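The sequence and the model come first, and the notes follow by topic.

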Amino acid sequence: MPKRLMTLLGPFIGLIVVVALFGAIEPAFLSTRNMMTVAIQTVIVGLGAIGMTFVIVSGGIDLSIGSVIALSSVVTALCARAGLSPAASVAAGVAAGALCGALNGWLVTRLNIVPFIVTLGMMGIARGVSKWLSGEQTVKPSPEASEALASLATKSATSPGIWITIALAVMMALVLKRTVFGTYTYAVGSNEDTARLCGVPVERTKVWIYTLCGLFGGLGGVMTFARLSVGDPTTAIGRELDVIAAVVIGGASLAGGKGSILGSMVGALLMAALANGCNLTGVPNFVQEILIGG
């Protein structure tokens with residue numbers, strides 16, 4: 001099989017193998033209810049993976065997305081507790097994530113610091129700010145405020161969270177493949193110096209890419225709040241590794257210039273299915289970590 005075709009089909013083959021294996025071991029794995037659970041569990045990593053795809057395709061990395069998710073969940077919860085409308089609370093949470101991403105992009109481009117160092121620093125800053133804002137404890141709004149957003153994470157085929165993620169994945173896949181911004185993203189990741197010589201606004205493109213990643217991290221934080229009904233500053237620890245893994249499993253190259261939204265979403269779904277299947281069949285947590293790492 002040609003290498004390019006294998007790269008495209010690899011994530012799908014892996015997903016089919018995982019689903020078939022757990023379906024044979026535990027028939028309940030293939031039940032409609034459990035498939036909805038897997039879909040809901042994919043949402044947060046899937047949203048993060050959409051933004052991370054742009055970053056990795058451009059040749060960068062964002063280690064702060066887990067902390068950004070936690071910060072956004074806390075901001076959303078604080079706004080809901082303060083009596084803001086659900087729409088305003090969601091907007092505040094997303095804006096907090098986008099602000100972190102924009103700061104990452106500004107530091108990478110204006111101060112010429114490598115993305116690994118910038119986002120490693122932001123990982124600590126965003127986590128610390130979330131603990132500061134929350135008083136180092138979970139933020140629980142009123143039951144009415146929590147219920148207004150909890151519907152985003154219902155485990156049913158009509159769950160808004162699932163359909164929002166699918167719609168955004170389709171839209172951003174078109175942006176990456178069919179727009180000038182998407183072409184610039186691939187160009188920067190393939191060869192930044194050549195892209196600059198060809199007239200690509202490299203610095204501006206990078207700032208927008210990191211802002212976009214932060215925005216999707218913010219959406220992940222909103223979904224985390226919807227799922228937990230509280231803003232938790234300790235949530236999503238290590239989630240950045242799941243998001244990056246989903247993108248790489250989906251066929252993206254950490255060297256830049258290669259990747260797709262579809263592949264990243266399949267990677268996120270594969271990881272969620274693997275974790276869910278292990279839990280359903282009683283596989284110990286340490287074995288799960290080994291399998292996911294493998």
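**Briefing on the predicted chain**

Of the contacts in the chain with a separation of 6 or more, 78% are between residues 24 or more positions apart; a contact means heavy atoms within 4.5 Å. This is a predicted model, in which local features need pLDDT of at least 70, side-chain atom pairs count only at pLDDT 80 or more, and totals for chains, interfaces and linings use all residues. Residues are numbered from 1 along each chain as its sequence is written, and side-chain values use heavy atoms, with hydrogens and water left out.

**Overall build**

- The chain has 13 helices and zero strands, where helices (H or I, at least four residues) and strands (E, at least two) are DSSP runs numbered from the N terminus.
- For 294 residues, a compact globule would have a radius of gyration near 19 Å, and the chain agrees because its value is 19 Å. The radius is taken over C-alpha atoms, and the globule rule is 2.2 Å times the number of residues to the power 0.38.
- Taken along the principal axes, the box filled by the C-alpha atoms is roughly 55 × 55 × 35 Å.

**Surface and charge**

- Buried residues account for 49% of the 294 residues. Buried means under 20% relative accessible area, exposed means over 50%, and partly exposed lies in between (1.4 Å probe, protein chains only).
- The accessible surface of the chain is about 13400 Å², and carbon and sulfur atoms hold 68% of that surface. Accessible areas come from the Shrake-Rupley method with a 1.4 Å probe; for residues, only the protein chains shown count as cover.
- The chain has 17 positive and 12 negative charges, and their mean positions are 8 Å apart. Lys and Arg count as positive, Asp and Glu as negative, while His and the chain ends are not counted. A charge is placed at NZ of Lys, CZ of Arg, CG of Asp or CD of Glu.

**Aromatic pairs**

- The structure holds two aromatic pairs. Rings of Phe, Tyr and Trp (its six-membered ring) pair if their centres lie within 6.5 Å; planes under 30 degrees apart count as stacked, over 60 as edge-to-face and the rest as tilted.
- Phe-22 and Phe-29 form a tilted pair, because their planes are at 40°, with ring centres 5.6 Å apart. Phe-22 is buried at 6% relative accessibility, and Phe-29 is buried at 1%.
- Phe-54 and Phe-181 have ring centres 5.9 Å apart and planes at 25°, so this pair is stacked. The pair links distant parts of the chain, with Phe-54 in helix H2 (residues 32-57) and Phe-181 in helix H8 (residues 180-190), 127 residues apart.
- Phe-54 is buried at 0% relative accessibility, whereas Phe-181 is partly exposed at 23%.

**Thr-53**

- Thr-53 lies in helix H2 and is buried, with a relative accessible area of 0%.
- Leaving aside residues up to four places away in sequence, Thr-53 touches Leu-176, Val-247, Ser-260, Ile-261 and Ser-264.

**Positive phi in loops**

- Most residues other than glycine have a negative phi.
- Glu-136 is not a glycine, yet its phi is positive, about 60°. Glu-136 sits in the loop between helix H5 (115-134) and helix H6 (143-150) and is exposed at 66% relative accessibility.
- Ala-236 also has a positive phi, near 65°. Ala-236 is in the loop between helix H10 (202-228) and helix H11 (239-249) and is buried at 12% relative accessibility.
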